[in-house]
Amino acid sequence: MANATLTLKIAGTVNDKTIAYTKTQTVDNVDTVIHRVGKATINSSLNTHVAPAGTQTPIAEQDHDIMLLANIDSRADVDFAITCSAGDLHIILEPGAFFIIQKADAGGNLNLSTTATTTTMVSTTSFDVGRYHLASGAAKFQMFGCYNYAS
Amino acid sequence: MGLVTITGTLATDETTARSMTSSFILDVINFTDTTQPVGTTYELLAGTTDSGSQYMWTVVENTGAQEAVVRVNTDGTNYTFFPLPGYAVILIPAAIWTQGGSAPVAVTDIRARALTGTSILRVIALFVA
């Protein structure tokens, strides 16, 4: 059984004050890893990354223990549309930018609600990826998710 | 003002190890770095009010074992919630959109609560131009 390790670093100097932050998080007992490098469709259409019916293609498996989504293009913004039972969350990332998905102890990766006191999380059901702005040329993205398939 | 580099790496220690790294630079006009306890009601971690900026990227780290939930507010009506397990960290972009939207909306404030007991959270808010 493998482990996954997330490392987040922030470094710089703002108004003569230094930021030097490093955080390492380990997720134990990872038995399945999905890793996809792709090109999002031109003209802001969204490509859906779901498990085809009858298969176990894991890109859209629920309850990723941890996942990293990144725009690895050099010039185009990428729209990551993360779907769950509560709706769609769109994360627009500039080149190089990334987003981290964690999992609640009780399961679930996020929630969307008009109720400010919500605490329950729901699972992701699909990931759609597209170039955000209308323009020709694809935008490159990368997705790396780790989870325990048996749990 | 100053430039800040944010780098994220996710790696596994499988027999054939895999990893992914991404990095980007923000033009930051000001930042805060605080650590605070939160109880079982949502408490303010960071906001753009009085920051001199309309946009902030935010890191929230759970420094203890007690799980927390992070709530992101954009328009005061639609909230986005993220789990923050013990010793986990998340990075929240400056703008997102949810149901009914068609373009990113700036994150105005971020709040969090512990599921039970008390969570100790470190929060770095990077206010960008």
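In this predicted model, A:I10 has B:I6 of β1(B) as its bridge partner. That pair belongs to the topic of strand pairing between the chains: β1(A) and β1 of chain B, residues 2–12, run antiparallel to each other and are joined over 9 bridges.

**Contact between the chains**

- Chain A contributes 56 residues to the contact, and chain B contributes 50 residues.
- On the side of chain A that touches chain B, two or more residues come from each of β1 (2–14), β2 (17–30), β3 (32–40), β5 (66–71), β7 (87–93), β8 (98–102), β9 (111–113) and β11 (139–147).
- The largest share of that side is supplied by β1(A), with 13 residues.
- By residue class, the side of chain A that touches chain B consists of 30 nonpolar, 20 polar and 6 charged residues.

- Five strands form an open sheet with antiparallel pairing, in the order β9(A)-β6(B)-β5(B)-β10(B)-β3(B).

**Fold of chain A**

- Chain A contains 11 strands and 0 helices, and its sequence order reads β-β-β-β-β-β-β-β-β-β-β.
- Of the 151 residues in chain A, 40% are buried.
- Among contacts in chain A with a separation of 6 or more, 69% join residues 24 or more positions apart.

**Nonpolar core**

- In soluble globular proteins, nonpolar side chains tend to be buried together.
- The largest nonpolar core holds 81 residues, and the members that touch the most others are B:V60, B:V70, B:I90, B:A112 and B:L126.
- The element that gives the most to this core is β11(A), with 6 residues; β11 (139–147) of chain A is also one of the elements on the side that touches chain B.
- Beyond its neighbours within four places in sequence, B:L126 is in contact with B:V4, B:L26, B:V28, B:F31, B:M56 and B:W57.

Conventions: Residues numbered from 1 in each chain as written. Chains lettered and ligands numbered in written order. Predicted model: local features only at pLDDT ≥ 70, side-chain atom pairs only at ≥ 80, totals over all residues. Contact = placed C-beta atoms within 7 Å. Helix = DSSP H or I, 4+ residues; strand = E, 2+ residues; numbered from the N terminus. Nonpolar A, V, L, I, M, F, W, Y, C, P; charged D, E, K, R; others polar. Pairing = 2+ DSSP bridges. Buried ≥ 20, exposed ≤ 12 C-beta atoms within 10 Å, placed from the backbone. Core = buried A, V, L, I, M, F, W, Y, C linked by C-beta atoms within 7 Å.
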